[in-house]
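Subject: Structure handover

Hello,

Here is the structure for you to open. My notes on what was found in it follow below.

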Amino acid sequence: MKKIVFLLVIAGFMSSGCVSKTDYQQIEEQHSRTGEELRQCQTLLAEKSSEVIEALKAHQNCLNLVSSQESRHRELERQQRILAQEKTDLENANILLSGQIDQLRKELDTTVSVVDAQRAVIDRTEATKNSIEASLKQEIADKEILIREIKGRLTVTFVDKILFDSGSAIINPRGRELLRRIAPSLKDNTDHSILVEGHTDNVPISQALAEKFPTNWELSAARAIAVVRFLSEQAGLAPQRLSASGHSYHRPAASNDTAQGRSQNRRIEIVLVPEK
């Protein structure tokens, strides 16, 4: 269309006699060059437009990436704050646990010390028991003397008349000899206090003895005191380790309904009690 208009213009100029053939050719060549340049510009424009579109797409992708990275950064910051708080909580918990561990370690050390001390007491109690058994072997075999150990307490029981004659609170010769034999074992075991307990059967005190021992309470207590005095004054045991008590017939070892049971109830018990 443009070329037709251009030819009409040229034809008009030529008909008017204003344009020569040479000029026409130059103009036509100029027009051709201009058209070519226009096509080149259009081609270049199309290429640049495509590049601009690609650049815009790349730019948008970059914006999307930046936005994504910013979101990721904010998420990481949030997680970092959470981790920082968890770290603080763990540090506080660790401090608390360290304190608890130290306390438990101290308690364990104390428990171990107590257990070691108890084991040592038990070992010494066992050694004392073995020593007494060796010194009273025949009497134990004859069941005149009984030995038992319960929870660290060692009890040596002298049955019936082995220490005292009937109705008497004076230790007989055989009783003194037996007490001298076990005294070294009692003396060596300084971890225990020594309690001497007097026991009787339920037979009332005879009229002949009633003035001296109104009831079995007085008789049982007097016999226990006699043993304590002997161990302290004659056998050399520390008096602060010794104590005496009388229980009359209220703590029987057997039934008082039979002669054999009453015989077992008439007894002196020397009890070794671990010091606290």
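First, a term: on a 1 Å grid over the protein atoms alone, a cavity is a set of points where a 1.4 Å probe fits but cannot get out, and lining residues have an atom within 4 Å of a point. A pocket is an open set with protein on both sides within 12 Å along at least five of seven lines. Volumes are the space filled by probe spheres set on the points, with grid points joined across faces, edges and corners.

The model is predicted: local features need pLDDT of at least 70, side-chain atom pairs count only at pLDDT 80 or more, and totals for chains, interfaces and linings use all residues. Residues are numbered from 1 along each chain as its sequence is written, and side-chain values use heavy atoms, leaving out hydrogens and water.

Cavity and pocket

The whole structure holds one cavity of 30 Å³ or more. Phe158, Asp160, Phe164, His199, Arg223, Arg266, Arg267 and Ile268 line the cavity. By class, that lining has three nonpolar, one polar and four charged residues. Here Ala, Val, Leu, Ile, Met, Phe, Trp, Tyr, Cys and Pro count as nonpolar, Asp, Glu, Lys and Arg as charged, and the others, Gly among them, as polar.

The largest pocket has about 300 Å³ of space. It is lined by 17 residues; Ser166, Gly167, Asp201, Leu219 and Arg266 lie nearest its centre. The lining splits into six nonpolar, five polar and six charged.

Sheet

Helices (H or I, at least four residues) and strands (E, at least two) are DSSP runs, numbered from the N terminus. Two strands pair if DSSP finds at least two bridges between them. Five strands make an open, mixed sheet, ordered β1-β2-β5-β3-β4. β1 (145–150) and β4 (242–246) are the edge strands, each pairing on one side only. β1 and β2 (residues 153–159) run antiparallel, joined by six bridges. Glutamate 149 has leucine 154 in β2 as its bridge partner.

Helix pair

Helix α2 (residues 21–135) packs with helix α4 (residues 173–188) at about 170°, axes 9 Å apart. Axes are lines fitted to C-alpha atoms, for helices over the stretch in contact, and angles run from 0 to 180 degrees between N-to-C directions. α2 and α4 are therefore roughly antiparallel (angles over 145 degrees). Thr128, Ser131, Ile132 and Ser135 of α2 meet Arg181, Ile182, Ser185 and Leu186 of α4, where contact means heavy atoms within 4.5 Å.

Best wishes

Technical notes
Angles under 35 degrees count as roughly parallel, over 145 as roughly antiparallel, 65 to 115 as roughly perpendicular and the rest as oblique.
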